[in-house]
Amino acid sequence: MIETGVEKFDEEFGGFPRGSLILVEGAPGTGKTSMCLAFLKAGVESGEAVVYASFVEGKRDLASYARRFGIDLLDLERRGLVKVEEVPTMRGGGEVLLKMLLDRVDELRASRLILDSFTAMRHLLAEEAEVRAFLHNVFLKALKSQGVTTMITLEVLGKERLPVIEEYVADVIISLRQAYTDEGAFTRELRVKKFRGAYLKHTKYCFTLYGGFKLFTRAKEVLDEPLMHEEVEEAFADRISTGIKSLDELLGGGLELGTSTLIVYDDWLPVKPLCAVTPAIFQSVIKGRRALLMPSLGAKKLSQILLTSLSEDQLKRSVKAFLPAKEDVKVDWVAPLKLKLEEDFELMVSQYLELKREAVGPTLMVFDLSSLTRFYGQEAVARLDELLRLAKDRGDVALNLAPRSCHLLDEFVAIHDVVLRLYERNGALFLRGIKPPSESFNFDVYREDKVRRVRLVPMV
């Protein structure tokens with residue numbers, strides 16, 4: 001197996017089989033040339049020479065595009081590591097084309113060949129029989145026998161495409177497309193249609209062209225693991241960190257004091273939506289500040305999650321969580337609710353003011369509003385609005401959660417200053433701005449050196 005150059009693809013599939021033919025199909029702009037360049041870069045970095053036959057792009061245009069991915073194509077060619085062959089006006093049919101390709105591979109002793117694109121190339125071949133003969137002679141005889149791995153792109157225009165005569169020799173078939181969610185968010189999707197000799201547990205993925213060709217793999221639950229929190233430096237006096245550096249950047253430097261933010265999440269997320277707000281809780285507590293919580297989880301589960309990065313003493317000193325009294329949890333940091341609106345609201349206000357008296361810096365409020373609506377119904381909106389106003393007047397910050405299915409969602413959105421959307425696509429987690437609007441970002445929670453980290457990678 002050889003490296004593909006596509007981040008995360010090798011982890012999922014182990015790379016491409018050496019000597020295989022990889023077919024990459026898709027409409028214009030879906031990322032076919034980008035995948036070819038990733039394949040080229042991986043080859044050069046592993047010490048393999050690469051021949052790139054371009055039937056559409058001129059060499060300088062291709063080199064200009066390659067620089068966006070950190071590839072100096074012209075320098076690689078000068079050093080004899082890559083050969084870019086422009087063949088937009090070649091005459092002589094399949095025999096001339098076949099000889100040229102094989103000569104270039106032999107001259108460079110290349111182990112990777114890229115043909116971009118087959119749609120343009122096949123117009124040089126007069127008959128279907130000539131196309132079949134070309135594929136048979138080049139791939140089944142010449143290149144496969146030499147262990148040369150070949151990537152071919154195929155243009156697909158809408159539902160129309162040329163007869164699929166090339167697929168019978170392909171070992172791997174990858175389909176790329178641009179798509180939109182039901183809410184209009186742009187996304188890129190990759191589908192593995194064929195992978196000879198491999199069992200495919202998952203075949204559809206999202207990907208981005210940000211800084212290269214990167215696959216977004218399925219979100220994994222890492223909340224239960226005992227990991228340190230990645231503390232983020234706070235550069236602005238009027239803002240506190242979300243605990244996620246790239247999310248702070250999206251929000252203009254973090255959570256602005258005296259504001260409220262709502263994260264609307266899909267009900268069917270592959271991980272707990274709490275993963276979007278725990279970094280902010282950890283960040284605040286580690287900084288010596290206070291956090292007021294109303295989770296959708298029970299006390300035992302919440303305790304397990306918070307204790308992965310905090311100590312018992314930090315919980316007792318800095319956290320207050322509102323949970324139903326019936327859970328019979330006797331810990332100092334849990335405030336039991338009677339599920340009676342007036343009494344519980346008074347409790348929330350008194351606990352908030354008590355935390356505020358002890359606080360060093362702004363207090364963070366994190367409520368999952370599914371609990372609020374389940375406990376108190378329609379009246380929860382007005383009471384939450386009062387509590388938010390109280391906190392904002394004192395320069396504190398709210399970072400709340402609400403499921404998309406919540407029947408009071410519109411009202412909750414209206415009383416928050418900033419609204420973000422957390423959703424799932426092909427098993428991966430994404431975040432985007434609703435108020436104000438922003439592009440989508442992959443929300444990647446991972447562990448590194450015993451530290452829980454989160455990064456946002458834009459979907460471009």
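Helix α12 (residues 341-358) and helix α14 (residues 380-393) pack at an angle of about 15°, and their axes lie 11 Å apart. The structure is a predicted model, in which local features need pLDDT of at least 70 and side-chain atom pairs count only at pLDDT 80 or more, while totals for chains, interfaces and linings use all residues. Residues are numbered from 1 along each chain as its sequence is written, and side-chain values use heavy atoms, with hydrogens and water left out. Helices (H or I, at least four residues) and strands (E, at least two) are DSSP runs numbered from the N terminus. Axes are lines fitted to C-alpha atoms, for helices over the stretch in contact, and angles run from 0 to 180 degrees between N-to-C directions.

The helices α12 and α14 are therefore roughly parallel to each other, a term for angles under 35 degrees. Contact (heavy atoms within 4.5 Å) is made by Leu341, Glu342, Phe345, Met348, Val349 and Tyr352 of α12 and by Arg383, Glu386, Leu387, Leu390 and Ala391 of α14.

The largest cavity involves these helices again: α12, α13 (369-376) and α14 each supply at least two residues of its lining. A cavity is a set of points on a 1 Å grid over the protein atoms alone where a 1.4 Å probe fits but cannot get out, and lining residues have an atom within 4 Å of a point. The largest cavity holds about 60 Å³ of space, and among its lining residues are Leu341, Phe345, Met348, Arg383 and Leu387. By class, this lining has 8 nonpolar, no polar and 2 charged residues; Ala, Val, Leu, Ile, Met, Phe, Trp, Tyr, Cys and Pro count as nonpolar, Asp, Glu, Lys and Arg as charged, and the others, Gly among them, as polar.

Pockets, by contrast, are open sets with protein on both sides within 12 Å along at least five of seven lines. The largest pocket has a volume of about 500 Å³, volume being the space filled by probe spheres set on the points. Of its 27 lining residues, the closest to the centre are Lys8, Thr217, Asp444, Tyr446 and Arg455. Strand β21 gives the most to this lining, with 6 residues.

The second largest pocket has a volume of about 310 Å³. Of its 17 lining residues, Gly29, Lys32, Thr33, Glu57 and Glu155 are the closest to its centre. Helix α2 provides the largest share of the lining, 3 residues.

Technical notes: Parallel < 35°, antiparallel > 145°, perpendicular 65-115°, else oblique.
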